[in-house]
Amino acid sequence: MLPKTRTPESRQMITLEVRRNTSLTPAFSTITLGGPELEHLKPMGFDQMVRLFFPREGQDGLRMPKLSSEAWMAELLLLPKSRRPWVRNFTIRHARPELGEVDIEFALHGDTPASAWARRARPGDPAGIFDMGMSYLPPAHAEWQLLAGDESAVPAILAILEDAPASLVAEVFLEVPGTADIRKDIIAPEGVRVRWLARDGADTLPGGLALDTIRTSSLRPGRFYTWVAGEAGLATGLRRHLVRDRGVPKPDIAFFGYWRHGRSSPG
């Protein structure tokens, strides 16, 4: 499904460069991007998504699209792969407009193009972003919220919690590859309960542990809003469970398959 988003009124391609590459845990790192063109980005908070453009290995520089509309996709497809950049969706983890910086947090998935670039990125390397807006849009009638994701959704959910109002009541399930990837210093309102779930080498697909845990958990009473993202099986599986087994209205569930195990999105 296409995400329901709230997008800014005007957007444009923003060319930046790597300022820092910071390791967070064995499975996560943060790339700090900066540059004067960030004055054109309007920070929205929560799960503000961007298209991240980065060079393929061996390319001398970054060829950014010239068009600042969805027509940029066709523009890039006209280029041979030798000149075409990689493009992937990411969440802005932190924005510091006063410093001209944004942080993009990466879940390091094997040898995927984004993970490979995140491991080798060094200060001065080119990158670019295009603002895609927000998909976290809780309705006013929600008495509490259910937030769930595997490692690919951890940055978005942590950003949501940091920007949430103090009145937020939520149950949060975060699945990560290992115990060493659990964060001890997260920021969240007092009414939020966060449960970290570490696979620790278990023979299970990413997202499966979170899905099974929620299926067997007692959830709070009252009407709630769900935001779930990550491996496609987690997103669709949780929606199916909530609708069929718990009677949750479909409009109260926002679900996003960020990726599919064993398949890399085309470049």
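## Salt-bridge criterion and count

A salt bridge is taken here as a side-chain nitrogen of Lys or Arg within 4 Å of a carboxyl oxygen of Asp or Glu. By this rule, the predicted model contains 14 salt bridges.

## Salt bridges between distant segments

Arg93 and Glu162 form one of these contacts, with an N to O distance of 3.1 Å. The pair connects distant parts of the chain, since Arg93 belongs to strand β4 (residues 86-96) and Glu162 to helix α3 (residues 154-163), 69 residues apart. Arg93 is buried, at a relative accessible area of 10%, whereas Glu162 is partly exposed, at 28% relative accessibility.

In another salt bridge, the side chains of Glu105 and Arg183 meet at 2.5 Å, N to O. Glu105 is part of strand β5 (residues 101-107), while Arg183 is in the loop between β8 (170-176) and β9 (192-198); this pair likewise links distant parts of the chain, 78 residues apart. Both residues, Glu105 and Arg183, are buried.

Asp252 and Arg223 also form a salt bridge, and their closest N and O atoms are 2.6 Å apart. Both partners are loop residues: Asp252 lies between α5 (232-246) and β11 (253-259), and Arg223 between α4 (208-215) and β10 (224-231), so the contact ties together parts 29 residues apart in sequence. Asp252 has a relative accessibility of 2% and therefore counts as buried. Arg223, at 39% relative accessibility, counts as partly exposed.

## A salt-bridge network

Salt bridges also join residues into a network, whose members are Arg19, Arg20, Arg96, Glu101 and Asp103.

## Aromatic pairs

The structure holds nine aromatic pairs. One of them consists of Phe46 and Tyr136, whose rings are tilted, with 5.3 Å from centre to centre and 35 degrees between the planes. The two residues come from distant parts of the chain: Phe46 is in the loop between β2 (28-34) and β3 (49-54), and Tyr136 is in the loop between β6 (126-133) and β7 (144-149), 90 residues apart. Phe46 is partly exposed, with a relative accessible area of 22%, whereas Tyr136 is buried, with a value of 4%.

Phe53 and Trp72 provide a further pair, with ring centres 5.2 Å apart and planes at 70 degrees; because planes over 60 degrees apart count as edge-to-face, this pair falls in that class. Phe53 lies in strand β3 and Trp72 in helix α1 (residues 72-77), so the pair ties together parts 19 residues apart in sequence. Phe53 is buried, at 0% relative accessibility, and Trp72 is also buried, at a relative accessible area of 4%.

## An aromatic cluster

Ring pairs additionally join Phe54, Phe90, Phe106 and Trp117 into a cluster.

## Arginine charges over aromatic rings

Two contacts place the charged end of an arginine over an aromatic ring. The charged end of Arg56 sits over the ring of Trp86, at 3.9 Å from the ring centre. For Arg183, the charged end sits over the ring of Phe28, at 4.6 Å from the ring centre.

Terms used. Residues numbered from 1 in each chain as written. Predicted model: local features only at pLDDT ≥ 70, side-chain atom pairs only at ≥ 80, totals over all residues. Heavy atoms only, no water. Phe/Tyr/Trp six-rings, centres within 6.5 Å; stacked < 30°, edge-to-face > 60°. Helix = DSSP H or I, 4+ residues; strand = E, 2+ residues; numbered from the N terminus. Buried < 20%, exposed > 50% of the residue type's maximum accessible area, 1.4 Å probe, protein only. Lys NZ or Arg CZ within 6 Å of the ring centre and 35° of its normal.
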